[in-house]
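Dear colleague,

Please find below the structure that I am handing over to you. My findings follow directly after it.

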Amino acid sequence: MRPYLFFIMSLVLLSGCDINESMRAKAKDGTTANAREIAANGGCMGCHATSNSVYGPAWKLVSKRYQGMPKARSILIERIKNGSYGRWDHITDGKRMPPQKGALNNEELGIVVDYILSLAKK
Ligand code: HEC
């Protein structure tokens with residue numbers, strides 16, 4: 001009797017929540033977990049990590065460099081979209097970031113950049 005009950009309960013629970021829908025809602029809430037998820041989905045983590053410089057500069061270093069700069073957020077969003085080179089040569093040995101246009105939309109980019117800029121304070 002018990003296994004059947006468990007099975008029926010599972011069906012009821014599963015049909016009650018649309019997993020895709022709840023993930024989509026979650027992706028917009030701007031928390032650290034979601035910023036990291038968005039960055040991973042956008043392919044950023046193939047070249048970046050928060051604390052170590054992998055191919056691109058560590059996001060903690062980026063955060064430190066732009067602290068207190070009034071337009072840091074919009075500057076970084078544009079550079080990610082259009083690509084960047086020459087700013088981190090001392091760390092990356094001259095590597096370039098190709099334009100990331102299309103990897104993430106503006107809203108997602110905003111969430112990821114806010115997250116990057118917050119790292120210096122952590
Ligand atoms: C192919 C590897 C690669 C990918 C993919 C990549 N980056 Fe980069 N990123 C780099 C490199 C290399 C630099 C350093 C460029 C320079 O020296 O100006 C960089 C620099 C940056 C900077 C600092 C820019 C500045 O002007 O100081 C930010 C912010 C950044 N990346 C965010 C992102 C985000 C967000 C994504 C995902 C949408 C991403 N990157 C994807 C390689 C990459």
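K81 and E78 are both part of helix α5, where they stand three residues apart, about one turn of the helix. In this predicted model, the two residues form a salt bridge whose closest N and O atoms are 3.7 Å apart. K81 counts as buried, because its relative accessibility of 18% falls under the 20% limit. E78, in contrast, is partly exposed, with a relative accessible area of 38%.

The total count is two salt bridges. The other pair consists of R73 and D114, with the closest N and O atoms 2.8 Å apart.

The metal site may be of particular interest to you. Which protein atoms are donors of the iron atom of the ligand? They are NE2 of H48 and SD of M97, lying 2.0 to 2.2 Å from the iron atom. H48 lies in the loop between α3 (32-41) and α4 (59-66), and M97 in the loop between α6 and α7 (106-118), so the pair ties together parts that are 49 residues apart in sequence. The site has six donor atoms, with angles of 87 to 179 degrees among them, and is octahedral. For reference, ideal angles for six octahedral donors are 90 or 180 degrees. Is H48 buried or exposed? With a relative accessibility of 13%, H48 counts as buried, whereas M97 is partly exposed at 25% relative accessible area.

I turn now to the aromatic residues. The structure holds zero aromatic pairs.

Leaving aside residues up to four places away in sequence, T92 touches Y55, G56 and P57. T92 lies in helix α6, which covers residues 89-92. With a relative accessible area of 6%, T92 is buried, because this value is under 20%.

Yours sincerely

Conventions. Residues are numbered from 1 along each chain as its sequence is written. This is a predicted model: local features need pLDDT of at least 70, side-chain atom pairs count only at pLDDT 80 or more; totals for chains, interfaces and linings use all residues. Side-chain values use heavy atoms; hydrogens and water are left out. Helices (H or I, at least four residues) and strands (E, at least two) are DSSP runs, numbered from the N terminus. Buried means under 20% relative accessible area, exposed over 50%, partly exposed in between (1.4 Å probe, protein chains only). Contact means heavy atoms within 4.5 Å. Rings of Phe, Tyr and Trp (its six-membered ring) pair if their centres lie within 6.5 Å; planes under 30 degrees apart count as stacked, over 60 as edge-to-face and the rest as tilted. Donors are N, O and S atoms within 2.8 Å of the metal (3.2 Å for Na, K and Ca); water is not among the atoms, so sites may look incomplete. Four donors count as tetrahedral if all angles lie between 85 and 135 degrees; four count as square planar and six as octahedral if opposite donors are over 155 degrees apart and all others between 65 and 115; anything else is irregular. A salt bridge is a side-chain nitrogen of Lys or Arg within 4 Å of a carboxyl oxygen of Asp or Glu.
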